[in-house]
Each structure stands twice: as structure tokens, then as C-alpha cells.
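Have the sequence and the model open side by side.

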Amino acid sequence: MAVSGSTGLSATYDLFRRLPVMVSLADAAKDGPPPDPRLRCGVGDWIRSLDAAEQVAARQLLDDVEWNDSALARQFISAGMPLRMNALSVHRRGACSCLLLRKQ
Ligand SMILES: [Zn+2]
């Protein structure tokens with residue numbers, strides 16, 4: 001029995017037997033790996049600390065494929081982001097905990 005919890009991870013495990021619940025590989029391939037809720041995302045935290053207009057601009061830049069990770073990291077760092085490109089790359093490809101925040 002799948003338990004519908006508040007996190008993406010708990011939904012994929014049977015909490016009584018602690019065994020993975022059978023999910024289709026097609027669904028897994030489509031959904032991608034679950035984000036790790038233990039990892040706070042500094043990029044997400046920084047973006048949420050900005051004023052509303054800057055948050056909108058930051059999200060537009062993140063979605064703009066013409067900005068590669070290196071150029072975008074330099075731009076964000078010049079705007080005060082206290083992180084390096086690697087953190088930005090993780091955030092940009094959705095491998096951080098921000099995905100869970102968006103689902104809440
Ligand atoms: Zn993030």
C-alpha cells in the first residue's frame with residue numbers, strides 16, 4: 001500500500017514493511033529521481049530572500065536556455081548569490097530540495 005505523505009519520498013515506500021512499492025520504470029523515467037529532502041538548497045533560499053520583482057527575474061533567467069550555467073552563475077553571484085556554479089546547476093536541473101517546496 002502506498003502511503004500518500006507530504007513528501008515525494010514517503011509516497012514511494014511502504015511504511016509498514018519498509019520496502020519499495022512497485023512503480024513503473026516508465027513513470028520513474030518520466031518523473032526523474034526524487035529530490036533529497038535532507039539537502040537544503042542555497043540557491044532556492046537565496047532566490048526566496050529577494051524582493052518580488054527580483055524573484056520573478058531570477059526565475060525567468062533560470063528558465064532561459066540561452067543562459068548557460070556558467071554565465072548565469074556569474075550573473076547571480078554579481079547580484080549577491082553566495083554560492084558557486086555547482087549549486088546553481090543542481091538547482092537548475094531540479095535535483096535539489098526545491099522541488100519538494102514547490103509540491104507543498
Ligand atoms: Zn533548489
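The points below go from the overall fold to the helix contacts and then the core.

1. Ground rules. This is a predicted model, so to speak: local features need pLDDT of at least 70, side-chain atom pairs count only at pLDDT 80 or more, and totals for chains, interfaces and linings use all residues. Numbering starts from 1 along each chain as its sequence is written.

2. Overall layout. The chain has 6 helices and 2 strands, in the order β-β-α-α-α-α-α-α along the sequence. Helices here are DSSP runs of H or I with at least four residues, strands are runs of E with at least two, and both are numbered from the N terminus. Among contacts with a separation of 6 or more, 55% join residues 24 or more positions apart; a contact means C-beta atoms, placed from the backbone, within 7 Å.

3. Helix 4 against helix 5. The axes of helix 4 (residues 69-78) and helix 5 (residues 85-92) come within 9 Å and cross at roughly 115 degrees. Axes are lines fitted to C-alpha atoms, for helices over the stretch in contact, with angles from 0 to 180 degrees between N-to-C directions. Helix 4 brings Asp69, Ser70, Leu72, Ala73 and Phe76 to the contact, and helix 5 brings Met85, Leu88, Ser89 and Arg92. By class that gives 5 nonpolar, 2 polar and 2 charged residues; Ala, Val, Leu, Ile, Met, Phe, Trp, Tyr, Cys and Pro count as nonpolar, Asp, Glu, Lys and Arg as charged, and the others, Gly among them, as polar.

4. Helix 2 against helix 5. Helix 2 (residues 42-49) has its axis within 8 Å of that of helix 5, crossing at roughly 85 degrees, and this pair is therefore roughly perpendicular too. Gly42, Val43 and Gly44 of helix 2 meet Ala87, Leu88 and His91 of helix 5. This contact has 3 nonpolar, 3 polar and no charged residues.

5. The core. Which residues make up the largest nonpolar core? They are Cys41, Val43, Leu72, Ala73, Phe76, Met81, Leu88, Val90, Cys96 and Cys98, 10 in all. Such a core is a set of buried Ala, Val, Leu, Ile, Met, Phe, Trp, Tyr and Cys residues joined through C-beta atoms within 7 Å. Helix 4 supplies the largest share, 3 residues. Of the 104 residues in the chain, 12% count as buried (20 or more other C-beta atoms within 10 Å of the residue's own).

6. Cys41. Leaving out residues up to four places away in sequence, Cys41 touches His91, Cys96, Ser97 and Cys98.

Methods: Contact = placed C-beta atoms within 7 Å. Parallel < 35°, antiparallel > 145°, perpendicular 65-115°, else oblique.
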